[in-house]
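Please look over the sequence and the structure first.

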Amino acid sequence: MADRVLVIGSGGREHALAWKLAQSPHVKQVFVAPGNAGTADNGKISNSAVLVSNHTIVTQFCKDHNIGLVLVGQEALLAAGIVDDLRAAGVRCFGPSAKAAQLASNTSFAKAFLDRHGIPTARWKAFTNPQEACRTDFPARVVRARGPAARKEVTIAASKEEACRAVQEIMQDRMFGEMVVIEELLQGEELSCLCFTDGVTVASMPPAQAHKRLLDGDQGPNTGGMGAYCPVPQVLLLLSL
């Protein structure tokens, strides 16, 4: 393990990574860029003002501060190829390449990948024309913008009219991009099952469930996550049957 580690991002995920890394006796210092209030001057952990959108500056920061490992949590930067650029400069980095990051950052790419490999997924269509998008005949609709900045901007539409309003905001007002993906709404429990892999070995994490709707009772607009918990009782129940 490296003596000095740089974690890139500003959310709770990066806070948790920094907190856990700081517990290792092999880690001397953890920088978080840009970080948040919880990662500011907290024992081994401190925030850095390095401009993470400029990969050349980040690379130089790593060399100047003898950073042995970089962990990137910010999805837009992964999609922009920061891991590719750091590795090309000889900086050890944990995170997917820009090509692999498309599975999380590009909805239409991910859905086409699932279809191509026979992985079950909700019916879907991608549109560049708002009028065509509004004619989608799915009985219940999930409207998603395409692109890393908009990946979490999801509208669960109860009616065709509500779906059309979301399409207008995304495509005609150009809030998040010029393509929209409309999916069939699937009802049921949603779990996240994440794994670590080096390309050969796969180590799975325990399943977790996130609260994505803004309000109590699973109501309100969808968000990137209002919190999460683990273990998940529904999974434990299935395993006991």
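Does Val91 count as buried or exposed, and why? Val91 counts as buried because its relative accessibility is 6%; buried means under 20% relative accessible area, exposed over 50% and partly exposed in between, with a 1.4 Å probe and protein chains only.

The model is predicted, so local features need pLDDT of at least 70 and side-chain atom pairs count only at pLDDT 80 or more, while totals for chains, interfaces and linings use all residues. Residues are numbered from 1 along each chain as its sequence is written, and side-chain values use heavy atoms, with hydrogens and water left out.

**Surroundings of Val91**
- Val91 sits in the loop between α4 (82-88) and β5 (93-94); helices (H or I, at least four residues) and strands (E, at least two) are DSSP runs, numbered from the N terminus.
- Leaving aside residues up to four places away in sequence, Val91 touches Thr59, Cys62, Val70 and Leu86, where contact means heavy atoms within 4.5 Å.
- Leu69 is 22 residues from Val91 along the chain, and their C-alpha atoms are 7.1 Å apart.

**The sheet**
- Four strands form an open sheet in the order β6-β9-β7-β8, with antiparallel pairing; two strands pair if DSSP finds at least two bridges between them.
- β6 (124-127) and β8 (154-157) are at the edges, each with a single partner strand, so one side of each has no neighbour in the sheet.
- Strand β7 (residues 141-145) is joined to β8 by 4 bridges, and the two run antiparallel.
- Val143 has Thr155 in β8 as its bridge partner.
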